[in-house]
Each structure stands twice: as structure tokens, then as C-alpha cells.
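I opened this notebook to keep track of what I looked up in one structure. The entries follow the order in which I checked things.

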Amino acid sequence: MADYTAYFNGEWVPFSQVKIDPMDRGFMGGDVVFDVARTFNGKSFRMKEHVDRLYRSLKVVRIDSGLSPEEMTDISEEVITRNEDQRAEVGDFSIWQFVTRGPGARTRDAGPPTVCVKVVPVGFAQFAHLYDEGAHGVITRTRSYPAQSIDPKVKHWSRMNFAMADLEAADVDPEGWPILTDVAGNLTEGTTNNVFLVTDGVIRTAGDSDLLQGISRGMLLDLAHQLNIPVVAEDLQPYDLYTADEAFFTSTGPSVLPITRVDKRQIKDGKPGPITQQLLAAWSEAVGVDIVGQAAHFRNT
């Protein structure tokens with residue numbers, strides 16, 4: 001893999017030279033927030049929304065990055081520009097921003113923060129084939145963190161529950177993508193995505209009290225409004241997903257990814273549904289990239 005240029009604590013370095021102090025609280029306790037944007041044809045997508053979410057997370061956990069949101073945005077755009085000469089080989093980039101509290105034995109005494117912005121190729125190989133086949137979902141026993149512990153709107157790396165959910169999903173279905181629930185058994189989100197289903201022409205999704213407010217989720221809601229497709233946010237149980245007409249994930253890499261099986265139960269006819277396809281087409285038009293075609297072309301790079 002190419003050694004892309006990254007921003008690390010005020011310097012531009014090859015990513016291979018990014019080294020985290022073993023005493024950094026981001027490493028020791030997951031005391032770190034992050035965000036992930038992407039490019040479409042080399043242009044960043046909703047970068048302001050990603051940076052704004054990052055800074056909301058920083059405010060909640062009380063980490064001062066030492067950079068203004070505008071400076072973080074400029075750095076994120078520059079990391080794209082500095083690696084543009086290598087983009088043609090991989091199609092597009094994901095842009096990762098993370099800020100740790102820094103080294104320290106106690107949270108209150110830690111610092112200075114560690115700040116990094118890097119790019120990696122969009123992982124097309126993970127999902128390119130699923131636009132036609134559909135992903136398999138698995139509803140796991142491992143739950144989402146309740147808001148009483150840490151508000152899920154904070155995008156952080158203290159995510160052992162996500163790791164366990166991924167292992168559980170693989171136990172049930174080697175191709176399974178985990179879907180978590182809250183403590184009451186209502187559907188919340190996946191480990192890297194938000195979950196939607198369609199019933200009688202209405203898009204249904206969980207409310208945002210126990211899930212991350214995904215930037216791609218916001219884009220999906222905007223597209224649904226433009227297409228006059230009704231959307232409701234409500235409590236959803238596994239029953240609703242099993243009996244849906246369609247289901248799909250939204251996330252930064254694939255944008256919209258059909259779900260055709262959940263817990264080894266086929267969703268409707270087992271094929272990506274028409275509303276899912278309509279939303280994918282509208283997203284492709286909005287960003288000027290054939291999302292499905294690009295993923296197929298670069299899946300082996």
C-alpha cells in the first residue's frame with residue numbers, strides 16, 4: 001500500500017511515521033474522538049458536517065484539539081490535495097481525523113492532545129458485490145451503549161461492544177454485518193452504519209436517542225425529502241426488520257447498501273428493493289459519481 005502523507009501534531013509526514021505514545025490515553029483507554037469523511041471523484045463530501053460533528057464530540061468529552069474547526073477543515077482538505085497524485089489508482093479516499101487526550105496517568109492531567117488527519121483508499125472490496133447481492137444483517141446480543149453511560153452522538157473509539165458484536169455476527173453468519181439494539185430491544189445501529197427499513201413505501205429508522213447521527217444518514221433523509229418518499233423515526237423491533245419490504249445501511253464508504261437477509265431470514269424477495277435503488281441513483285447523481293460502478297471497478301485494487 002502507498003505511504004500516504006498525513007498530518008500529525010503540526011507536521012506533514014508519511015503515515016508510516018505516525019507513532020502513538022504507549023502512554024497516550026487514546027491508546028490506553030480509548031480516550032479519543034474521531035470522524036471519517038470521504039471524497040467523490042477527489043472532492044470532499046460534506047466535510048463541514050463531519051468537522052462540526054467532530055468538534056461537538058470534542059466539546060462533550062472536554063478535549064481541546066488546539067485547532068479551530070476552520071483549521072481542521074483546511075488541514076483535511078490539504079491532506080486530500082497532498083495525496084491527489086495517488087488517487088487514480090484507488091478511486092477515492094476516506095479521510096480520517098482523530099484527536100486523543102494525549103499521554104497521562106489520569107484523565108484530568110493528560111496532554112497535550114494527539115491530532116492526526118490521514119487518508120486511506122475507500123474499502124470498495126468490502127462492499128462492492130453487495131449492491132447486487134445485498135448485505136446480511138445479524139441482530140446481536142451485545143447492545144449499544146445507553147445514553148446514560150456515554151451519549152451515542154459522540155463518535156469515539158471506546159468501542160469494545162462493537163468488537164464483540166462483530167464477532168457475534170460472524171458466529172451466526174460468516175457474511176453477517178452486526179445490528180445492535182438498545183437495552184429495551186429496539187434497533188439502533190450497526191458498528192459502522194445506520195439502519196433503515198421500508199414498509200409500504202415509507203422509510204423507517206430509529207430515533208437518534210441511542211445512535212450516532214450519521215452524516216450519510218442525514219444525506220439519505222435529504223434525498224428522501226427531495227424524492228417525496230415519506231420517512232418516520234420511531235422505535236423499531238427485530239420483527240419490523242424481519243417483515244420489511246426493503247432494508248439498507250447508510251455509511252460513509254458505500255453510501256447506501258442493500259440488506260437482503262437478517263438472522264438468516266430473507267427480506268421480502270431477497271433482492272435489493274426499488275426504493276433502495278432509487279436512493280442510490282439519486283445519491284450518485286448528487287455527487288457526480290456512479291457509486292455502484294466505481295465500487296465494482298476498484299474492488300480489486
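Entry 1, a term. I count two residues as being in contact when they have heavy atoms within 4.5 Å. I also note that the model is predicted.

I looked up where Ser 57 sits and found it in helix H2, which covers residues 47-61. What does Ser 57 touch, once residues up to four places away in sequence are not counted? I found Val 33, Lys 153, Val 154 and Lys 155. I then checked its accessibility: Ser 57 has a relative accessibility of 1%. The cut-off for buried is under 20%, and Ser 57 therefore counts as buried.

I looked up the secondary structure and noted nine helices and 15 strands. The radius of gyration is 19 Å, and the globule rule also gives 19 Å for 301 residues, so I wrote the chain down as being as compact as a globular protein of that length. Along its principal axes, the C-alpha trace spans about 55 × 45 × 35 Å. I noted that 52% of the 301 residues count as buried. I also looked at contacts between residues at least 6 apart in sequence, and 70% of these join residues at least 24 apart.

I looked up the charges next and found 29 positive and 42 negative ones. Their mean positions are 4 Å apart.

How many aromatic pairs does the structure hold? I noted 13. One of them joins Phe 34 and Trp 96, with 5.9 Å from centre to centre and 10° between the planes, and it is stacked. Phe 34 lies in strand E3 (residues 32-40) and Trp 96 in strand E5 (residues 93-100), so this pair ties together parts that are 62 residues apart in sequence. I checked both partners: Phe 34 is buried at a relative accessible area of 4%, whereas Trp 96 is partly exposed at 25%.

I looked up the place of Trp 157 and found it in the loop between strand E7 (135-139) and helix H5 (160-172). Phe 34 is in strand E3, so the pair ties together parts that are 123 residues apart in sequence. Trp 157 counts as partly exposed, at 35% relative accessibility. I wrote down one cluster here, in which ring pairs link Phe 34, Trp 96, Phe 98 and Trp 157.

I found Phe 8 in strand E1, residues 5-8. Is Phe 8 buried or exposed? Its relative accessible area is 13%, and Phe 8 is buried. Leaving aside neighbours within four places in sequence, I listed contacts of Phe 8 including Val 13, Val 18, Lys 19 and Ile 20. Thr 114, Val 115 and Cys 116 are also in contact with Phe 8. Last, I looked up Phe 8 and Asp 200, which are 192 residues apart in sequence and 49 Å apart in space, C-alpha to C-alpha.

Definitions and conventions. Residues are numbered from 1 along each chain as its sequence is written. This is a predicted model: local features need pLDDT of at least 70, side-chain atom pairs count only at pLDDT 80 or more; totals for chains, interfaces and linings use all residues. Side-chain values use heavy atoms; hydrogens and water are left out. Helices (H or I, at least four residues) and strands (E, at least two) are DSSP runs, numbered from the N terminus. The radius of gyration is taken over C-alpha atoms; the globule rule is 2.2 Å times the number of residues to the power 0.38. Buried means under 20% relative accessible area, exposed over 50%, partly exposed in between (1.4 Å probe, protein chains only). Lys and Arg count as positive and Asp and Glu as negative; His and the chain ends are not counted. The place of a charge is taken as NZ of Lys, CZ of Arg, CG of Asp or CD of Glu. Rings of Phe, Tyr and Trp (its six-membered ring) pair if their centres lie within 6.5 Å; planes under 30 degrees apart count as stacked, over 60 as edge-to-face and the rest as tilted.
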